[in-house]
Amino acid sequence: MKNCELLLRENGIKVTPQRLSIVEELYGQVHMSVDELYEAIKKKFPSISLATVYKNINAMLEKSFILEVKIPNQKSKYELAKASHSHVMCESCGKVEDITLDLHGITEMAANLTDYKINDDALVLSGICPSCKAS
Ligand SMILES: [Zn+2]
Ligand SMILES: [Zn+2]
């Protein structure tokens with residue numbers, strides 16, 4: 001708990017109980033949509049509105065303290081900022097997990113094929129997770 005507070009301060013983000021609890025949720029769940037965060041935070045702060053959750057997320061996004069994981073055809077998920085990585089998403093249960101891939105060859109190929117300067121190589125792969133595959 002204490003170190004979430006410190007992390008927020010170090011990033012120049014004003015510490016509020018609501019923000020702390022968003023950070024704590026993200027520590028536990030890793031990737032959450034605004035709706036999922038709202039449901040979780042509401043348990044501790046029953047009077048909090050969805051708009052307030054959005055506002056807090058945006059404040060932390062601005063400082064790059066949390067990152068948006070854009071998922072095709074789905075609501076974005078949010079995560080605490082960390083080294084650049086890709087994601088796998090389960091089409092059945094919607095779970096999103098981190099995966100580290102070497103994309104150097106892919107971005108180089110994309111740049112060569114399109115003459116773009118590739119800035120963002122965030123990749124979301126989708127499929128069926130092991131537990132959904134088993135059931
Ligand atoms: Zn699944
Ligand atoms: Zn991630």
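Predicted model: local features only at pLDDT ≥ 70, side-chain atom pairs only at ≥ 80, totals over all residues.

Visitor: OK, what about polar contacts between domain 1 and domain 2? How many residue pairs are there?
Guide: Four residue pairs are in polar contact between domain 1 and domain 2, with both residues at pLDDT 80 or more. On the side of domain 1 that touches domain 2, the residues divide into four nonpolar, two polar and three charged.

Visitor: And what area do domain 1 and domain 2 bury between them?
Guide: About 580 Å², and 64% of that is on carbon and sulfur atoms.

Visitor: Let me step back a bit. Where does each domain run?
Guide: Domain 1 covers 2-80 and domain 2 covers 86-134. The contact takes nine residues from domain 1 and seven residues from domain 2.

Visitor: How many Å apart are the C-alpha centres of domain 1 and domain 2?
Guide: Those centres lie 23 Å apart. For the whole chain, the C-alpha atoms fill a box of roughly 50 × 40 × 25 Å along the principal axes.

Visitor: What's the chain built from, in helices and strands?
Guide: There are six helices and six strands. Starting at the N terminus, the order is α-α-β-α-α-β-β-β-β-α-β-α.

Visitor: How much of the chain is buried?
Guide: Buried residues make up 33% of the 135 residues. As for contacts between residues at least 6 apart in sequence, 45% of them join residues at least 24 apart.

Visitor: Let's zoom in on helix 3. Which of its residues are buried?
Guide: Helix 3 spans residues 34-44, and its buried residues are Val-34, Leu-37, Tyr-38, Ala-40 and Ile-41.

Visitor: What covers the buried residues of helix 3?
Guide: The cover includes helix 2, strand 1 (32-33), helix 4 (50-62) and strand 3 (77-80).

Visitor: What is Glu-25 in contact with, leaving aside its neighbours within four places in sequence?
Guide: Its contacts are Val-30, Met-32, Leu-37, Ala-40, Ile-41 and Lys-44. Of these, Leu-37, Ala-40 and Ile-41 are on the list of buried residues of helix 3. Lys-44 also belongs with Glu-24 and Glu-25 in a network of salt bridges.

Visitor: Nice. How many salt bridges does a search of the whole structure find?
Guide: Eight. One of them pairs Glu-39 with Lys-42, where the closest N and O atoms are 3.9 Å apart.

Visitor: Why are Glu-39 and Lys-42 separated by about one helical turn?
Guide: Because they are three residues apart in helix 3. In general, an α-helix has 3.6 residues a turn, so residues three or four places apart point the same way. Glu-39 is partly exposed at 44% relative accessible area, and Lys-42 is partly exposed at 30%.

Visitor: Which residue does Glu-79 form a salt bridge with?
Guide: Lys-82, with the closest N and O atoms 3.9 Å apart. Glu-79 is buried, with a relative accessible area of 3%, whereas Lys-82 is partly exposed at 38%. Lys-82 also forms a salt bridge with Asp-98, and there the closest N and O atoms are 2.6 Å apart.

Visitor: So what does the pair of Lys-82 and Asp-98 tie together?
Guide: Parts that are 16 residues apart in sequence, because Lys-82 lies in the loop between strand 3 and strand 4 (86-90), while Asp-98 is in strand 5 (residues 96-99). Asp-98 is partly exposed, at 34% relative accessible area.

Visitor: What does Ala-110 touch, not counting residues up to four places away in sequence?
Guide: Ala-110 touches Asp-115 and Ile-118. As for Asp-121, eleven residues from Ala-110 along the chain, the two C-alpha atoms are separated by 10.0 Å.

Definitions and conventions
Residues numbered from 1 in each chain as written. Chains lettered and ligands numbered in written order. Heavy atoms only, no water. Contact = heavy atoms within 4.5 Å. Domains from an automatic or database assignment. Buried area = accessible area lost by both parts, 1.4 Å probe. Polar contact = N/O pair within 3.5 Å; in protein donor to acceptor, adjacent residues only side chain to side chain. Nonpolar A, V, L, I, M, F, W, Y, C, P; charged D, E, K, R; others polar. Buried < 20%, exposed > 50% of the residue type's maximum accessible area, 1.4 Å probe, protein only. Helix = DSSP H or I, 4+ residues; strand = E, 2+ residues; numbered from the N terminus. Salt bridge = Lys/Arg side-chain N within 4 Å of Asp/Glu carboxyl O.
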